[in-house]
There are 2 protein chains.
Amino acid sequence: MPPSEFLQSKAKKTEAALAHYLDSWSGVPDTLLEAIRYSLFAGGKRLRPALALGAAELVSGDDAPALPVACAIEMIHTYSLIHDDLPSMDDDDLRRGKPTCHKAFSESAAILAGDGLLTMAFDMVAETGSTAIVQEIARAAGVAGMVGGQQFDLEGEGQQLDMAHLQRIHRAKTGALIRVSLRAGAMAVHASDAQIDALTAYGEHLGLAFQITDDILDVVGNEEVLGKPVGSDTSLEKSTYPALVGLDESRRLAKEAVDAAIDALVAFGDEADVFRELATFLTSREA
Amino acid sequence: MPPSEFLQSKAKKTEAALAHYLDSWSGVPDTLLEAIRYSLFAGGKRLRPALALGAAELVSGDDAPALPVACAIEMIHTYSLIHDDLPSMDDDDLRRGKPTCHKAFSESAAILAGDGLLTMAFDMVAETGSTAIVQEIARAAGVAGMVGGQQFDLEGEGQQLDMAHLQRIHRAKTGALIRVSLRAGAMAVHASDAQIDALTAYGEHLGLAFQITDDILDVVGNEEVLGKPVGSDTSLEKSTYPALVGLDESRRLAKEAVDAAIDALVAFGDEADVFRELATFLTSREA
């Protein structure tokens, strides 16, 4: 299956489950639920859910047990985008070509929509019946993972960071959630330690490749394709791979990470081809 | 045991566990951990942890299994205070006589400290090994509970609300977390449905009594005792019990709720006296 088809098929399952879950709520302020839907269905790639579902399928042939993981991680990803876009954070007005949540609603509604999504995510992931998965995701999303990464990122603004510092930010801010998508998806189908280790390595290399590609696109992409102002990271004087090592070296590093991601899956044989092709696909994307 | 001693003894256990838990983290940005400690150890009553631990003790004679619940709910309560104080929410500069988190640190650090605390809470509560407790707490803290209540509250500002509307806000914003403290604490020691139902009823009446008392104190309290500007709710034109039904009727309603809370515990016999006295104590407090 081509990677684009794989992503679309997993996105469809995830979106149906998310919609069904949101429909099950009552007693929620309308604005809050609207703000949550607005951001959750804003047309993302659903990469993290695809990784969670794909990992479960690779290990067990069935992705259904990982559906709560897929939905929970997409909720966490979405809440992080809402909060990161806030005026006191990255202060972004556009996200995927649409007004950001606090622009479309209000700053308070955006903060609460984010809080609500994060809380919902744990309600959702508890559906797996596994507190080990709850902890795995909480640790990846929390102060030593994604939330900590955003703080490191904000502190690094306007500074010239070295490569080690930049990598620490990325590993926490975006890497941790990509990594845990694969781990928690595999845990949902009771993968062996060796299988989880292999998927973890794949996730770490993929996360790095994905981030370098994001940095490259921020420099060479164009506003129309990306749906956000080109150079928004450089305008905040954020350190990026191209700024640090140049475009060519950034491309080489991305390629190296893709190769390492592909190699990490050796024990899975041909079954893992969709994940191998996905790594190449994600780093040759234009948005 | 007098209620003040009960609260102090449970607060001591909770604070020791929280401090121990925070010390276990590494790889966290210093500012973030400082902001979390600053708000988490700002001298609250630790009412919710005391209810969780007390419920477990009442049911089983042992409060230790409920310690992760107690800590998690205090983390959630603290995150909600941090986010509620933000400029786009209630815009408060002082909390318990000290600068609010965003004043002491920054707005972005306060948002992330709140996000981090909420995420940590689920890591902590997973220690119980019970996904039922994870879900119970997520639902009380989320969009149909505490987070939804804050949204309802913000929407009600500047409006003259009727009693039903005011009660809906309180049940969600403060009631849900008090109620779940008792439920989840009891669940942690495998209480029977009848025991959980009784504690739920106690929690609902206690939450109401507590909120009416808060409203009364906001009117008759003084700034020195409360550590926050008196009349801050009225300055935002929030509806309160005294504004709606007058001080005397508010006091009568609080007393009625305390009596109902006390009655709810009948099946527990004398063992529940500390919870009965606590209800009276909390509604005769001055801060």
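**View 1. The buried residues of helix 7 in chain A.** T131(A), I133(A), V134(A), E136(A), I137(A), A138(A), A140(A) and A141(A) are the buried residues of helix 7 of chain A. Buried here means that 20 or more other C-beta atoms, placed from the backbone, lie within 10 Å of the residue's own. With eight of its 11 residues buried, helix 7 (residues 131-141) of chain A is mostly covered. Helices are DSSP runs of H or I with at least four residues, numbered from the N terminus. The cover includes helix 4, helix 6, helix 8 (146-156) and helix 9 (163-187) of chain A, together with helix 6 and helix 7 of chain B. Please keep in mind that this is a predicted model, in which local features need pLDDT of at least 70, side-chain atom pairs count only at pLDDT 80 or more, and totals for chains, interfaces and linings use all residues. Residues are numbered from 1 along each chain as its sequence is written, and chains are lettered from A in the order in which they are written.

**View 2. Helix 4 against helix 6 in chain A.** Helix 4 (residues 67-84) and helix 6 (residues 107-125) of chain A pack at about 165 degrees with their axes 8 Å apart; the axes are lines fitted to C-alpha atoms over the stretch in contact, and angles run from 0 to 180 degrees between N-to-C directions. That makes helix 4 of chain A roughly antiparallel to helix 6 of chain A, the word used for angles over 145 degrees. Among the residues that meet are M75(A), Y79(A) and I82(A) from helix 4 of chain A, and G114(A), L117(A) and M124(A) from helix 6 of chain A. By class, this contact holds 16 nonpolar, three polar and no charged residues. Ala, Val, Leu, Ile, Met, Phe, Trp, Tyr, Cys and Pro count as nonpolar, Asp, Glu, Lys and Arg as charged, and the others, Gly among them, as polar.

**View 3. Where chain B touches chain A.** Here 42 residues of chain B are in contact with 43 residues of chain A, contact meaning C-beta atoms, placed from the backbone, within 7 Å. Helix 6 of chain B gives the most to its side, with 12 residues. That side has 22 nonpolar, 15 polar and five charged residues.

**View 4. The axis between the copies.** A rotation of 180 degrees with 0.0 Å of shift along its axis superposes chain B on chain A, at an RMSD of 0.0 Å. That is the relation of a two-fold axis. Superposition is by least squares on C-alpha atoms of residues with pLDDT of at least 70 in both copies. Which residue of chain B comes closest to the rotation axis? T131(B) does, with its C-alpha at 2.9 Å.

Definitions and conventions. Helices (H or I, at least four residues) and strands (E, at least two) are DSSP runs, numbered from the N terminus. Angles under 35 degrees count as roughly parallel, over 145 as roughly antiparallel, 65 to 115 as roughly perpendicular and the rest as oblique. Two residues are in contact if their C-beta atoms, placed from the backbone, lie within 7 Å. A residue is buried if 20 or more other C-beta atoms lie within 10 Å of its own, exposed if 12 or fewer, and partly exposed in between; C-beta atoms are placed from the backbone.
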